[in-house]
Amino acid sequence: MTSRNIGIGALAGGLLTAALTGLSYLAYRLVALPFAPFELFDWMGRVLPGPVITFGIDRMIDTLLLLGVNVADTAKSAEQTIALGQFMVGGIVLGAVYFAVTSARKIRPDLLSGLVAGALFGLPLVGISIAIGPSPVNPVLSIGWLLLIFLGWGAALSLACNRLLLHEREEPAAQPEETLSVEALSRRRFLIRFGTATAAITVIGAGVGTVLAQAERRRQEAALSATEAHNAEGASEMIFPNANDPITPAPGTRPEYTPLKDFYKVFIRTEPTVIDGSMWMLPITGLVDNPLVLTLDDIQNNYQSRDQYATLSCISGRVGTTLISTTLWTGVSVQDILADAQVRPEARYLHITSGDGFYETVDLDLINSDERIMLCYAWDGNPIPVDHGFPLRIWIPDRYGMKQPKWITGIEVTDQYTDGYWVERSWDKVAQVKATSVIDTVAVDAPITDGDQTLIPVGGIAFAGARGISQVQVRVDGGPWEDAELRSPLSETTWVIWRYDWPFNAGDHTFEVRCAEGDGTPQIEEVHDAHPSGATGIDSYEATL
Ligand SMILES: Nc1nc2c(c(=O)[nH]1)N[C@H]1C(S)=C(S)[C@@H](COP(=O)(O)O)O[C@H]1N2
Ligand SMILES: [Mo]
């Protein structure tokens, strides 16, 4: 009896949690009320120990790679699926426990006990929502909404329990179909109505919410492609600095300048953080004689703007990762802004905080040594896209992305060092970019003839942060290393496109690539995982000709 009741409780809990999820998702998409499953997942990402998170992300990436999908594109959907899954499991377990306890007659399935169950489920999530904040919606409204839906969940659970719980005395074991008791019949009818109602709420909430989300995505993409079309119009005039380089990319090499919509995205929360640029202000406080509160206009108009082609990469990428992209960054030198704020002599660090709860510490010695370090408000000549940190992010040459906060909301000048978000989670303190080279293509379909010889273009990228690339070499089937040709890069802080025209030779072949930094330092060939300091090792590529 008890085990059947537990099963029915799990079913009721699952149906109700699905409906709650649908309803909550709809409110999230409509008016940006907090969406509990994502907030729970984001909060867990923040409080679980670094090694657990890194292990989890690694296994997720393994799975995505096994499925053969682009990790940069699918990682967020995978996270969202996990977030929904674990939330559902929570609701199913609570439903089962409620039915079990009721069945054992430890409590009565009345409204009060239902509300208690709802509070047990909802109160932790209210706490999490407050901890993870800030929500764009009034906090009282957000909390009220969460309480309402979770208490509603509990009330409905107690109602379902009242109607569905099996009791000892009406053991239906030997009852033939025709003589089903009136009670069993009404129970069955209730279950059908209950299932239909919860399914309808789930489907409508999830469906309308998804339509709204897609419309929002299309709006953002239209805005992006409008700016891209605008750029393309100007593109005949907007000539890249290396436009006349005779060394052209091998067919199939990734674009040298990443289309914005393809720029990789990494952020700690399930969804990007939306900041209202017209309300946004940047306080620069702490050890300064002239504290500042800057608007976006101030930053754009009161300081000398700078443009820099730069490649950004993520420390968690494996050799050959797609988590690396290049665009034109525009902003103002941090040196200029700090001069304005009049930093005191005892200051040592900047503590930068972000709208999504991210933070990082930047050494003032580093800033003073490199005027290129800038607070950026534009990418590709337009405001930085929401996903990439609108309205302001910092750029630090030669460092992985983890050291460079997006969605900046505050800068404090201090003499205290504190670990940044990912440093706290056991990633490298300095996070200097490791030299890496990648084969993008062995252009089997685009052979070229040179006299009586057929050559196959092989090509890709090499990147060593701000240290430049002096040499790229390719070898085939473990043969001798041959020099590739280097295209001059967009700037000294972008990747370098290389190509090697390989004398054709039928069969299965393994191509490998390695590079040397500007000063001749060879890339590290020893294989090492991304954690904690960035992946090393040689990229290889199999091709059949
Ligand atoms: N506020 C904030 N800034 C952040 C992050 C983040 O999660 N939140 N992620 C960092 C990491 S790990 C990387 S690799 C880059 C990614 O920038 P992108 O998404 O624009 O490619 O942003 C960095 N800055
Ligand atoms: Mo990253």
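Rings of Phe, Tyr and Trp (its six-membered ring) pair if their centres lie within 6.5 Å, with planes under 30 degrees apart counted as stacked, over 60 as edge-to-face and the rest as tilted. With that in hand, I searched the whole structure and got 24 aromatic pairs.

A note on conventions first. I am working on a predicted model, where local features need pLDDT of at least 70, side-chain atom pairs count only at pLDDT 80 or more, and totals for chains, interfaces and linings use all residues. Residues are numbered from 1 along each chain as its sequence is written, chains are lettered from A and ligands numbered from 1 in the order in which they are written, and side-chain values use heavy atoms, with hydrogens and water left out.

I looked up W329 and W379 next: their ring centres are 5.1 Å apart and the planes stand at 70°, so I logged the pair as edge-to-face. W329 sits in strand β4 (residues 324-333) and W379 in strand β7 (residues 374-379), so this pair ties together parts 50 residues apart in sequence; strands here are DSSP runs of E, at least two residues, numbered from the N terminus. Both W329 and W379 are buried, meaning under 20% relative accessible area (1.4 Å probe, protein chains only). I also found them in one aromatic cluster with F263, Y264 and W395.

Then I turned to ligand 1. Y264 turned up again, among the closest of the 21 residues around ligand 1, each having a heavy atom within 4 Å of it. I noted a nitrogen atom of ligand 1 at 2.7 Å from an N or O atom in the side chain of D356.

Terms used. Polar contact = N/O pair within 3.5 Å; in protein donor to acceptor, adjacent residues only side chain to side chain. Helix = DSSP H or I, 4+ residues; strand = E, 2+ residues; numbered from the N terminus. Buried < 20%, exposed > 50% of the residue type's maximum accessible area, 1.4 Å probe, protein only.
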